[in-house]
Amino acid sequence: PSAEENLMLVDAAARFEHRYGEITIPTAIIAGEADDIIETAKHSVRLHEQIPESALRVLPGLGHMAHHYEPVPFAEAVHAIAAREALGAARETLRAD
């Protein structure tokens, strides 16, 4: 994205930040540790802290667009988070029975 597009994204994200705590669906945040566009420690961690029950996976050594450059570690992270959610759903089903 261009610098202008990045500024628009930052503004849009800031407008909705106060509502992040309202998100109730399973949310996976996957970030590259070496991302030089989005500061993982500043943005991804903060987002994770604001979204209840979210899962954060930081991929070591990967930067921005990790899914494009290193699809296997990214896919493994998605799989691990999906498996965690499936296990949680199965436990809830068992408790309800």
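Analyst: The secondary structure of the chain comes to four helices and two strands. Read along the sequence, they follow the pattern α-β-α-β-α-α. Please keep in mind that this is a predicted model. The C-alpha trace spans about 55 × 35 × 20 Å along its principal axes.

User: What makes the pair Arg46 and Glu17 a salt bridge?

Analyst: The closest N and O atoms of Arg46 and Glu17 are 3.2 Å apart. The cut-off between a side-chain nitrogen of Lys or Arg and a carboxyl oxygen of Asp or Glu is 4 Å, so the pair qualifies. This pair links distant parts of the chain, 29 residues apart: Arg46 is in helix α2 (residues 40–50), while Glu17 is in the loop between α1 (3–16) and β1 (28–32).

User: Why does Arg46 count as partly exposed?

Analyst: Partly exposed covers the range between buried, under 20%, and exposed, over 50%. Arg46 has 33% relative accessibility, so it counts as partly exposed.

User: How many salt bridges does the structure hold?

Analyst: There are four salt bridges in the structure. One of them joins Glu22 and Arg19, with the closest N and O atoms 2.8 Å apart. Glu22 is partly exposed at 47% relative accessibility, and Arg19 is partly exposed at 42%. Another salt bridge joins the side chains of Arg95 and Glu92, at 2.7 Å from N to O. Arg95 and Glu92 both lie in helix α4 (residues 71–96), three residues apart, which is about one turn of the helix.

User: Are Arg95 and Glu92 buried, partly exposed or exposed, and how do you know?

Analyst: The two residues fall into separate classes. Arg95 has 61% relative accessibility, and exposed means over 50%, so Arg95 counts as exposed. Glu92 has a relative accessible area of 47%, which lies between 20% and 50%, so Glu92 is partly exposed.

User: How much of the chain is buried?

Analyst: Buried residues make up 16% of the 97 residues. The accessible surface comes to about 7,200 Å², with 60% of it belonging to carbon and sulfur atoms. Of the contacts with a separation of 6 or more, 68% are between residues 24 or more positions apart.

User: How do you know where there is empty space, and what is the volume of the largest pocket?

Analyst: Rolling a probe the size of a water molecule over the atoms shows where empty space is left. The largest pocket has a volume of about 730 Å³. Among its 27 lining residues, the closest to the centre are Val10, Ala13, Ile38, His43 and Ser44. The elements that give two or more residues to the lining are α1, β1, α2 and α3 (66–69), and α1 gives the most, with five. By type, the lining divides into 16 nonpolar, seven polar and four charged residues.

Notes: Residues numbered from 1 in each chain as written. Predicted model: local features only at pLDDT ≥ 70, side-chain atom pairs only at ≥ 80, totals over all residues. Heavy atoms only, no water. Buried < 20%, exposed > 50% of the residue type's maximum accessible area, 1.4 Å probe, protein only. 1 Å grid on protein atoms, 1.4 Å probe; cavity = no way out; pocket = protein on both sides within 12 Å on 5 of 7 lines; lining within 4 Å. Points joined across faces, edges and corners; volume = space filled by probe spheres on them. Nonpolar A, V, L, I, M, F, W, Y, C, P; charged D, E, K, R; others polar. Contact = heavy atoms within 4.5 Å. Areas by Shrake-Rupley, 256 points an atom, 1.4 Å probe, with all protein chains shown as cover.
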